[in-house]
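Please consult the sequence and coordinates shown below while reading.

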Amino acid sequence: MFRFIFSRVLQGLAVILGVLCITFALLKNAPGSPLQSERNIPEHIRAQRMAASGLDQPLPVQLWRYIVSFATFDFPVSVRTPGRGVDEIILEAFPVSAQIGLSALVIALALGIPLGALAALRPNTLDDRASMVAATLGICTPSMVLGPLLALVFGLKLRWFNASGWYDADDWVLPALTLGIIYSAYIARLTRGGLRETLAQEFIRTARAKGASEMAIIFRHAFKLACLPVLNFLGPTAAGLMTGSIITESVFQLPGLGQHFVGAAVNRDYDLAMATAAFYALLIVSFNLLVDFLQALLNPRIGFKA
Amino acid sequence: MSTAPVSRVSENPWLQAWRRLVRNPVTVAAMMLLVALVLICCAGPLFSPYHPNDQDLELKATAPTRSHWLGTDTLGRDLATRVMHGGRISLLVGILATAVASIIGVGYGLIAGLSGKRVDAAMMRLVDVLYAFPFITFVIILVVIFGREFWLIFIAIGAVEWLTMARVVRGQVLTLKNLEFVLAARAAGAGFWHILFKHMLPNVVGPVIIYASLTVPGVMMLEATLSFLGLGIQPPDASWGVLISEGAASMETLPWMLIGPSVFFSATLLALNLIGDGLRDALDPKSTQG
């Protein structure tokens, strides 16, 4: 098991390194520079600021410095935001995104798994049809439609929450609901598929034959295996949700991480773009590691093979 | 099937799949809905008395009337015409970006699966790396590098959406390449490219069609996201994403500006998703997913 974890961690680090290299190559090929929007600064000051951030060095040196600085947690200060390290910017925005993302995940699971299980346990009944229609509708509702609708109904008409902004303690509810409802639809479909496939297998028939109750069959025998497709989906989804959904953040005007992914790329803020990419890759890799680990625990046929 | 004449020993599997597809009432309804939407978007503007970008500043924003079925926007432009015109753009981006993603994904997956272990491992590690990439940054940088021209947007989207397709195709090739008919072809002296085109490609078409049909709505959502952020289709032209973002900005006072484009966009996504489900049931009868 330790070999399994060790080799996965090593693979994950290689993936993060790869992400850094590709981000760097893309950024350096994009026209423009981090100071392009500040037009009225003299040439020598511009050169000085670029040099202070190490942007006058040869490209391989720059890339190497990024890798070293991320590996040693000694983060660069962006040339666009003097005095504020990129770690400061990310750590300020991450709690907002993480709170919304985690709540959305809980909502999605709490809605999606019962809905999918209900559909799978009563195949081809009205319950099954109705929940799958609901799930399909959920998948087809873009967050840019659902978000404004929720803001309109619960924010502007009923006045239960603020329609946008990040002021009160309950401002996470509407954005989390927007994302949670949409993702619950995916989870419901995956749960239904996974559970139906599992219930059709031999070992379930064996359990039935030896007289296990329906409850015991579902919870003790089927559920572990039926969770696998959902678990697979959750890895990248959790990472994506926690790093902020850019649409939801812009609809509800939240100071989350999503804005920095867009802003860094649009402004050619090399340091911030490298840092956000590394952070995103770190989360993806960590969640995938967690999913692999849980999968090996839940399904003895997969096991801890390195 | 029991009524089929005995002499027909084996029927074309594609014909069988088509039969299964049109026997599913939900899929048929979804196909009709999609055809109707495409027809409205393509032919509608020809019959509309308005130009999608013509402003009527005296009219400004008005709720739906008999002469403006979906109302007008803040510049007095006819929304129905703009929605139909935007639909052309959104559907075109959806189809072209899916085509780009499919071509890259299928080519990459075929070559990775059929090549030796080392090449395969290296190619799939690159896919792992790209999976861990913040796609929004990737697309924005691509748009920044290539400019915001229409025909480059679907290339940028296609360039990020091919990863799952590559994995699907490679998985398929790995199970296919050790089957007897491939070994026989190899023993008869068939080369890499011959096996790839003659034996692998025809056998991955099924999964590719299924996955491509489910990629179209995803791609359209991505285009809408980009347009919503102002990085996609540039004004005065509008895709559904642009129209929805304009509508969302003024939904409290001018709700019809959000409702019209949203209904069209969601209906299209619904039809595409249902067709994708139907195709999966028809082409892969064993699957119980979904």
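Two residues are taken to be in contact if their C-beta atoms, placed from the backbone, lie within 7 Å. By that criterion, and leaving aside neighbours within four places in sequence, Ala281(A) is in contact with Val15(A), Ile16(A), Val19(A) and Ala132(B). The model is predicted, and it scores ipTM 0.78 and pTM 0.81.

**Confidence in chain B**

Chain B has a mean pLDDT of 81, and 91% of its residues reach 70 or more. Within this chain, confidence is lowest in H5(B), at a mean of 77, and highest in H3(B), at 89. Where pLDDT is low, predicted coordinates should not be read in detail.

**Chain A as a whole**

Chain A contains 12 helices and zero strands. Its C-alpha atoms fill a box of roughly 85 × 55 × 30 Å along the principal axes. Of the 306 residues of chain A, 43% count as buried. Among contacts in chain A between residues at least 6 apart in sequence, 75% join residues at least 24 apart.

**The contact between the chains**

Chain A gives 37 residues to the contact and chain B gives 32 residues. On the side of chain A that touches chain B, at least two residues each come from helices H1 (2-29), H5 (126-139), H6 (143-157), H7 (173-199), H10 (246-252), H11 (258-266) and H12 (270-298) of chain A. The residues on this side of chain A comprise 27 nonpolar, seven polar and three charged.

**The nonpolar core**

The largest nonpolar core has 154 residues, and those with the most contacts inside it are Ala278(A), Ala281(A) and Ile244(B). Helix H3 (residues 79-114) of chain B provides the largest share of this core, 15 residues.

| Helix | Buried residues | Covering elements include |
|---|---|---|
| H5(A) | Ser131(A), Met132(A), Ala135(A), Thr136(A), Gly138(A) | H4 (86-121) and H7 of chain A; H11 (256-283) of chain B |
| H10(B) | Trp240(B), Gly241(B), Val242(B), Leu243(B), Ile244(B), Ser245(B), Glu246(B), Gly247(B), Ala248(B) | H6 and H10 of chain A; H3, H9 (192-228) and H11 of chain B |

Seen down the axis of H5(A), its buried residues fall within an arc of 155 degrees, so they line one face of the helix. Leu126(A) and Val133(A), on the other side of H5(A), are exposed.

Helix H10 (residues 240-249) of chain B is largely enclosed by the rest of the structure, because nine of its 10 residues are buried. Ile244(B), one of the buried residues of H10(B), is also among those with the most contacts inside the largest nonpolar core.

**Phe138(B)**

Phe138(B) lies in helix H5 (residues 135-146) of chain B, the helix where confidence in chain B is lowest. Is Phe138(B) buried or exposed? It has 21 other C-beta atoms within 10 Å, and because the threshold for burial is 20 or more, Phe138(B) is buried. Not counting residues up to four places away in sequence, Phe138(B) touches Phe133(B) and Val160(B). The C-alpha atoms of Phe138(B) and Glu161(B), 23 residues apart along the chain, are separated by 11 Å.

Terms used
Residues are numbered from 1 along each chain as its sequence is written. Chains are lettered from A and ligands numbered from 1 in the order in which they are written. This is a predicted model: local features need pLDDT of at least 70, side-chain atom pairs count only at pLDDT 80 or more; totals for chains, interfaces and linings use all residues. Helices (H or I, at least four residues) and strands (E, at least two) are DSSP runs, numbered from the N terminus. A residue is buried if 20 or more other C-beta atoms lie within 10 Å of its own, exposed if 12 or fewer, and partly exposed in between; C-beta atoms are placed from the backbone. Ala, Val, Leu, Ile, Met, Phe, Trp, Tyr, Cys and Pro count as nonpolar, Asp, Glu, Lys and Arg as charged, and the others, Gly among them, as polar. A nonpolar core is a set of buried Ala, Val, Leu, Ile, Met, Phe, Trp, Tyr and Cys residues joined through C-beta atoms within 7 Å. The arc is that of the directions from the helix axis to the C-beta atoms. pLDDT is the predictor's confidence in each residue, from 0 to 100.
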